[in-house]
Structure formats: structure tokens, C-alpha cells
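Dear colleague,

I am passing on the structure below, and after it you will find an account of what came out of the analysis. Please read it with the model open beside you.

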Amino acid sequence: MIVKITGCILIIGACSYMGFSLGKQYSARFEQLRKLRSSLKMLETEINYSMNPLPEALFKVGSRISWPVGILYAYTADLLAKNMGLPMEQVWRAGLNRLAEESSLKTEELDVLDDFGIGLGGSDREEQLKNLHLVQEHLRIIELKAESDRNKYERMYKTLGVLAGAALALVII
């Protein structure tokens, strides 16, 4: 009997953990989108008011934004500082690949950032500011959808995890 009770507790715990982990990804994605928009606003400020060169602006933004969003800027600035002769588009894409590995962001928002990287550093300040406004607006729309998804699915996954564990425990008993 003690083995069954221990097994039931472990099953309920494991299923609950899985449900909470799945639900947490929706919350993490929403938070990362908010930080991403905030970081783009900082980049806009660095380009527009501070008039820093792009590598320095990316480094400053990367140092102020927390992980995992900050890794995009820090890694990109690091590659630019090494001066490997790569075009800005490829350097930005390498930073995006690092961000994709470390974050909960989906292909939708990564594609928006990839499109933004095509024109980054290749045009005048006014054109870059227009692109920054455009990508911020795209990310704002994605953020609204992510918030809606978080409200719908986070609680559902958490509840399903606990209930699935309880159902399995009842089957065992």
C-alpha cells in the first residue's frame, strides 16, 4: 500500500510539474516580448539621441536588458567588435540564433526581427528609426496575441497537469 501511495504522489507531482512547465512558457514568451520591445526603444534612443555607433549602441542595450533578450544585443555587439568582416545582416542573424536557443520566442517574432536586421546598419539614421518604429509596432501586435494566449492557456496547462496526475493516480489505486 505504501508503494502505491508513494507512486501516486510521484505521478501527481510529475504531471503537475509538466503542466506548470508548459504554462510557464506562455508567461515567459510574453515577458520576453515586453523586454524585446523595451530593448528596441532603448536602441532607438541610443541611435537617435546619443548618436552612438551601432556596435556601441548594441553593447549598451545588451548590458541593460536582462537575459535572454540581452544576449541578442551582447552577442551581436561582440561579433561586431571582433570585426570578422561579416555583413551586419549575418551578424544580426547569428545573434538571433543565440536568442532563439535561449528564449521562449516563436518563429513569428524571430522572423520580424530577422527582417529588421536586413536594413540595420545599412541606411541613414532616419531610415533606421522608421524601421525601429515598424518592428516595435509588429512586436506590439504579437505581444497582444501572446498576452491573450497566456491568459487562455497558462491556467489550462497547470490545471490539466494536476488533474491528469490525479486521474492516473486513481487508475493505479
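This is a predicted model: local features need pLDDT of at least 70, side-chain atom pairs count only at pLDDT 80 or more; totals for chains, interfaces and linings use all residues.

Residues are numbered from 1 along each chain as its sequence is written, and side-chain values use heavy atoms, with hydrogens and water left out.

Helices here are DSSP runs of H or I with at least four residues, numbered from the N terminus. H6 covers residues 125-172, and at 1.5 Å a residue its 48 residues should span 70 Å, which agrees with the 66 Å between its end C-alpha atoms; the expected span is 1.5 Å times one less than the number of residues. After H1 comes Met-51, which has a positive phi, near 55 degrees.

Rings of Phe, Tyr and Trp (its six-membered ring) pair if their centres lie within 6.5 Å, and planes under 30 degrees apart count as stacked, over 60 as edge-to-face and the rest as tilted. The count by this rule is 4 aromatic pairs. One of them is the stacked pair of Tyr-26 and Tyr-157, at 5.9 Å centre to centre with 20 degrees between the planes. This pair links distant parts of the chain, with Tyr-26 in helix H1 and Tyr-157 in helix H6, 131 residues apart. Tyr-26 counts as buried because its relative accessibility is 19%, whereas Tyr-157, at 26%, counts as partly exposed; buried means under 20% relative accessible area, exposed over 50%, and partly exposed in between (1.4 Å probe, protein chains only). Tyr-26, Tyr-153 and Tyr-157 form one aromatic cluster.

A salt bridge requires a side-chain nitrogen of Lys or Arg within 4 Å of a carboxyl oxygen of Asp or Glu, and 13 are counted by this rule. In one of them, the side chains of Arg-37 and Glu-143 meet at 2.7 Å, N to O. Arg-37 is partly exposed at 25% relative accessibility, while Glu-143 is buried at 11%.

**Around helix H4**

The rings of Tyr-73 and Trp-92 are edge-to-face, because their planes stand at 65 degrees, with the centres 6.2 Å apart. Tyr-73 belongs to helix H3 (residues 69-82) and Trp-92 to helix H4 (residues 88-102), 19 residues apart. Tyr-73 is buried, with a relative accessible area of 0%, and Trp-92 is buried at 0% as well.

Arg-93 forms a salt bridge with Glu-89, the closest N and O atoms being 3.4 Å apart, and both residues lie in helix H4, 4 residues apart, about one turn of the helix. The side chain of Arg-93 also meets that of Asp-114 in a salt bridge of 2.9 Å, N to O. Since Asp-114 lies in helix H5 (residues 107-119) and Arg-93 in helix H4, the pair ties together parts that are 21 residues apart in sequence.

Methods
Helices (H or I, at least four residues) and strands (E, at least two) are DSSP runs, numbered from the N terminus.
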